[in-house]
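Student: I would like to go through this model one feature at a time. Please show it to me.

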Amino acid sequence: MAQEVRGVIAPGKDEPVRIETVVVPDPGPGEAVVRIQACGVCHTDLHYKQGGISDDFPFLLGHEAAGVVESVGDGVTDVGPGDFVILNWRAVCGTCRACLRGRPWYCFDTHNAKQKMTLASTGQELSPALGIGAFAEKTLVAAGQCTKVDPAVSAQVAGLLGCGVMAGIGAAINTGDVGRGDSVAVIGCGGVGDAAIAGSRLAGAAKIIAVDIDDRKLETARSMGATHTVNSRESDPVEAIRDLTGGFGADVVIEAVGRPETYRQAFYARDLAGTVVLVGVPTPEMKLELPLLDVFGRGGSLKSSWYGDCLPSRDFPMLIDLHLQGRLDLAAFVTETIQLDEVEKAFERMHRGDVLRSVVVL
Ligand code: APR
Ligand code: ZN
Ligand code: ZN
């Protein structure tokens, strides 16, 4: 039997979000219905609401979530009712070129849920944000989007790994391959940059230089593991990073802003043969001009990081275990917990830079 639940809908471009009744169908083959316990508020939800990602309104927002599997459809064996899971954006196919090369985060043929959730009032089909739609009491996903983790962790902490925090930690430990003793610079210390700092500490980086234009952010960055901070309104961050690394530049520079000037800073702040990891997402019109001799001559590598190059089945349980052991403080990313009807206010707070993460608890 299809069920009716409450969910946060973005009805149209730039319109305020509102709570509506959502019809969640029974899971079909390969699908699961998950009772959501917590879902973080991410910039991407705001971008959906603003029409910056797609025109497929109305959206069911929310994609950084954890909860308990309620029911599964035919052929689902990896998860079952009662399992505590973190949701991820994409159920990968396992057979395309990207999957076969061991890089499923670039999978060409993802299999998210085939059935649609709908609005109870009009019967309109909903587009779930990032294929999830978890600002709702329950949601329908593909079983491959569910990863079981230790249920001893709180849902509000677990859900964080579904997006921003995983993107940041993964940028350091997966894409950047930060190693013991490395020097790391992180440009932009919001939720993603701070997670990159926490990931760098986890990986054993000796020096972690945090760069931001806001002193409040730099203070939080220190609590996450930054050993040095640079306010790039006050001093040139490239010079400062070089000064702090014996004149060389950092082994790994992680850009978590998404602007031309910070991409440029990241490019020049790395040591020769160092690695630049780009996590900040630019807008389509942004451009960066660089002397080709610098691109050629500086060696090393320039990488972009999608979803922290994470393998949910490998990384989610591992990071939750580290958190439960007290070796990775994921709870520090939760600034506040809120109710479903406070998402619009949370967007405003996020826009002002007041929070790392507001998390809806259900
Ligand atoms: N130089 C340094 N820091 C900057 C600059 C700048 N020119 N401009 C902004 N910042 C800082 C802000 O002060 C803030 O601390 O960058 C940080 C951005 O943080 P958030 O807005 O909280 O964004 P976050 O969720 O961390 O995401 C950062 O990663 O995944 C992407 O789409 C995401 O592009 C975004 C980026
Ligand atoms: Zn694939
Ligand atoms: Zn997100």
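Student: Which residues in helix 4 meet which residues in helix 5?

Tutor: This is a predicted model, in which local features need pLDDT of at least 70, side-chain atom pairs count only at pLDDT 80 or more, and totals for chains, interfaces and linings use all residues. Residues are numbered from 1 along each chain as its sequence is written, and chains are lettered from A and ligands numbered from 1 in the order in which they are written. Contact is taken as C-beta atoms, placed from the backbone, within 7 Å, and helices are DSSP runs of H or I with at least four residues, strands runs of E with at least two, numbered from the N terminus. On the helix 4 side the residues are Gly164, Val165, Ala167, Gly168, Ile169, Ala171, Ala172 and Ile173, and they meet Gly191, Val192, Gly193, Asp194, Ala195, Ala196, Ala198, Gly199, Ser200 and Leu202 in helix 5.

Student: Is helix 4 oblique or parallel to helix 5?

Tutor: Axes are lines fitted to C-alpha atoms, for helices over the stretch in contact, with angles from 0 to 180 degrees between N-to-C directions. The axes of helix 4 and helix 5 come within 7 Å and cross at roughly 45 degrees. Under 35 degrees counts as roughly parallel, over 145 as roughly antiparallel, 65 to 115 as roughly perpendicular and the rest as oblique. Helix 4 is therefore oblique to helix 5.

Student: How many residues of helix 4 (164–175) are buried?

Tutor: A residue is buried if 20 or more other C-beta atoms, placed from the backbone, lie within 10 Å of its own, exposed if 12 or fewer, and partly exposed in between. The buried residues include Met166, Gly170, Asn174 and Thr175. Helix 4 is mostly covered, and the buried count is 12 of its 12 residues.

Student: Is Ala273 buried or exposed?

Tutor: Ala273 lies in strand 15 (residues 270–278) and has a positive phi near 65 degrees. Because it has 11 C-beta neighbours inside 10 Å, Ala273 counts as exposed.

Student: Where is Pro58 found?

Tutor: The peptide bond from Phe57 to Pro58 is cis, with omega near -10 degrees. Pro58 is in the loop between helix 1 (43–49) and strand 4 (59–60).

Terms used: Two residues are in contact if their C-beta atoms, placed from the backbone, lie within 7 Å.
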